[in-house]
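Here's a quick tour of a single protein chain, written for someone who likes cut-offs spelled out. Have a look at the structure first, then read on.

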Amino acid sequence: MPPYTPFSWTVPGTVDGWFELHGLFGRLPMRDLLAPAIRAARDGEPVPQVIAGSWRRGARLFLDKPGFAAVFLPGGKAPAEGEVFRNPALASAYEAIAAGGRAAFYDGPITDAILDLSRRAGGRFSREDFTSHRRSGSSRSRRPIAA
């Protein structure tokens, strides 16, 4: 399977995992937990040296991929070491997840954006792929094991 094709994509399980773990062990509101990531994405962070080099090499590989340049090549180039990179779209997605929970990712505007990107890239994701996504062996019915 070619690695850089929509046919190798899977429905992201990270957000579901966050909420599974939060349901079992979380005490703070998700908004508080995501606040540092929201702030970093919105305000930006300096790009470390090793990341800048990888980013530069990756830019050549992914330049023609839908949406890549708009997000990851601000001003038409990969950010240099020490340059502040901002990702307001990621900040907005995290804010939606913090406010709307798991459904904000798997059945809402974030899903719509992923489905649109999939269509533009020749992928075959469907809304049902996202709305029916669930980590197998869901821990919702299990209780944490006492230490």
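Is glutamate 81 buried or exposed? Glutamate 81 counts as exposed, at 52% relative accessibility; the scale here calls a residue buried under 20% relative accessible area, exposed over 50% and partly exposed in between, using a 1.4 Å probe and protein chains only.

## Ground rules

This is a predicted model, so local features need pLDDT of at least 70 and side-chain atom pairs count only at pLDDT 80 or more, while totals for chains, interfaces and linings use all residues. Residues are numbered from 1 along each chain as its sequence is written, and side-chain values use heavy atoms, with hydrogens and water left out.

## The overall picture

The protein chain has eight helices and two strands, arranged along the sequence as α-α-β-α-α-β-α-α-α-α. These elements are DSSP runs numbered from the N terminus: helices are H or I with at least four residues, strands are E with at least two. The C-alpha trace of the protein chain spans about 50 × 35 × 30 Å along its principal axes.

Of the 147 residues in the protein chain, 31% are buried. A contact means heavy atoms within 4.5 Å, and among the contacts in the protein chain with a separation of 6 or more, 66% come from residues 24 or more positions apart. Carbon and sulfur atoms own 59% of the accessible surface, which comes to about 9500 Å² for the protein chain; these areas are from the Shrake-Rupley method with a 1.4 Å probe, and for residues only the protein chains shown count as cover.

On the charge side, the protein chain carries 20 positive and 14 negative side chains, with the centres of the two sets 3 Å apart. Lys and Arg count as positive, Asp and Glu as negative, and His and the chain ends are not counted. Each charge is placed at NZ of Lys, CZ of Arg, CG of Asp or CD of Glu.

## The aromatic cluster

A search of the whole structure turns up nine aromatic pairs. Rings of Phe, Tyr and Trp (its six-membered ring) pair if their centres lie within 6.5 Å; planes under 30 degrees apart are stacked, over 60 edge-to-face, and the rest tilted. One of the pairs is tryptophan 55 with phenylalanine 72, edge-to-face at 6.3 Å centre to centre and 65° between the planes. Tryptophan 55 sits in helix 3 (residues 49–62) and phenylalanine 72 in helix 4 (residues 68–72), so this pair ties together parts 17 residues apart in sequence. Tryptophan 55 is buried at 14% relative accessibility, whereas phenylalanine 72 is partly exposed at 32%.

Tryptophan 55 also pairs with phenylalanine 85: the ring centres are 4.7 Å apart and the planes at 75°, so this one is edge-to-face. Phenylalanine 85 belongs to strand 2 (residues 84–85), so the pair links helix 3 to a part 30 residues away in sequence. Phenylalanine 85 is buried, with a relative accessible area of 13%. Trp55, Phe62, Phe68, Phe72 and Phe85 together form one aromatic cluster.

## Back to glutamate 81

Where does glutamate 81 sit? You'll find glutamate 81 in the loop between helix 4 and strand 2. Its C-alpha is 5.5 Å from that of proline 48, although the two are 33 residues apart in sequence. Not counting residues up to four places away in sequence, glutamate 81 touches Val47, Pro48, Gln49 and Ala52.

## Around helix 6

Phenylalanine 105 is in helix 6 (residues 102–106) and is buried, with a relative accessible area of 10%. Leaving aside neighbours within four places in sequence, its contacts include Pro12, Val15, Ile97 and Phe130.

Arginine 102 lies over the face of tyrosine 106, 4.5 Å from the ring centre; the test is NZ of Lys or CZ of Arg within 6 Å of the ring centre and within 35 degrees of the ring normal. Histidine 133 touches both Arg102 and Tyr106, and Pro12 is also among its contacts beyond four places in sequence. Histidine 133 comes in the segment after helix 8 (127–131) and is buried, at 18% relative accessible area.

Tyrosine 4 lies in the segment before helix 1 (14–25) and is partly exposed, at 46%. Leaving aside neighbours within four places, tyrosine 4 contacts Leu61, Phe62 and Lys65. The C-alpha atoms of tyrosine 4 and histidine 133 are separated by 22 Å.
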